[in-house]
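Thanks for making time this morning. Please keep the structure open on your screens while I talk, and I will go through the sheets, the helices beside them and then the pocket.

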Amino acid sequence: MHRSGDTTDPLILTLALDADTFARFDGLRRRHFPERLNHIPAHVTLFHHLPGPEERGVTEAVAALVRTVAAPEVAVTGLRFLGRGVAFSLESEALTGLRARLAKAFEGHLTAQDRQGWRPHVTVQNKVEPEAARALHAELEQGFRPFRFTAPGLILWRYLGGPWAERARFDFGVYT
């Protein structure tokens, strides 16, 4: 069920992926994520729940920080078995540092999930039987080769009870 959303709905902050990386991950997600549950494109979540009523302040804080930061290089380092799904593991010191700075800016608003350790990843399958997840994990591991991409920015979304609505994009280093 799609709903229009209101200012009480939480905000989600994700990493934007370059076109080739997005196509690769989103193609896998479309093939392997249960269709009835796949309401959103492939993504890397930085924060799962920022305060919806504070959208303007969140937008201003993210924009102010992101425009001073160079586009980070991100390494896709391997696969992670999630029990009922599969994700690609990511590493980036620059991105981890940026997220830490944003976490400090939003410190009083973070949920327990967003305060815990951050392990960046792209989920391409979830909410399937463990056997199906194990099979996909094994299949993807066979052909996996680490690679890198440069992230162009961040995306702010409003959570709509399943689907998300894009609210703003922030390009790295726009004003440096």
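Phe-88 stands opposite Val-122, a residue of strand 5, and since we are looking at a predicted model, please take this pairing as part of a prediction. The two strands concerned are strand 4, which covers residues 86–91, and strand 5, and they run antiparallel with 4 bridges joining them. For those who are new to this, strands of a sheet pair through backbone hydrogen bonds, either parallel or antiparallel.

If we step back from that pair, we see an open sheet of 4 strands in the order 5-4-3-6, with antiparallel pairing. Its edges are formed by strand 5, residues 121–125, and strand 6, residues 147–150, each of which pairs on one side only. From one strand to the next, the twist averages 30 degrees.

Which helix lies across strand 3, strand 4 and strand 5? That is helix 5, made of residues 130–143, and it runs at about 135 degrees to strand 3, which spans residues 73–81.

Now please turn to the other sheet that I want to show, which is also open and has 4 strands, here in the order 2-1-7-8 and again with antiparallel pairing. Why is one side of strand 2 and of strand 8 left without a neighbour in the sheet? Strand 2 (44–50) and strand 8 (164–171) stand at the edges and have a single partner strand each, so there is no neighbour in the sheet on the remaining side. Direction ignored, neighbouring strands of this sheet are turned by 20 degrees against each other on average.

Within this sheet, strand 7, residues 153–159, runs antiparallel to strand 8, and 7 bridges join the two; Leu-154, for instance, has Phe-170 in strand 8 as its bridge partner. Helix 3, residues 93–105, lies across strand 1 (11–16), strand 2 and strand 7, and its direction is at about 5 degrees to strand 2.

Finally, let me come to the largest pocket, which has a volume of about 740 Å³. Its lining consists of 28 residues, and those lying nearest the centre are His-43, Thr-45, His-48, Gln-113 and His-121. Strand 2, strand 5 and helix 4 (112–115) each supply at least two residues of that lining, with the largest share, 3 residues, coming from strand 2. Sorted by class, the lining has 12 polar, 10 nonpolar and 6 charged residues.

How values were computed
Residues numbered from 1 in each chain as written. Predicted model: local features only at pLDDT ≥ 70, side-chain atom pairs only at ≥ 80, totals over all residues. Heavy atoms only, no water. Pairing = 2+ DSSP bridges. Axes fitted to C-alpha atoms, helices over the stretch in contact; angles between N-to-C directions. Contact = heavy atoms within 4.5 Å. 1 Å grid on protein atoms, 1.4 Å probe; cavity = no way out; pocket = protein on both sides within 12 Å on 5 of 7 lines; lining within 4 Å. Points joined across faces, edges and corners; volume = space filled by probe spheres on them. Nonpolar A, V, L, I, M, F, W, Y, C, P; charged D, E, K, R; others polar.
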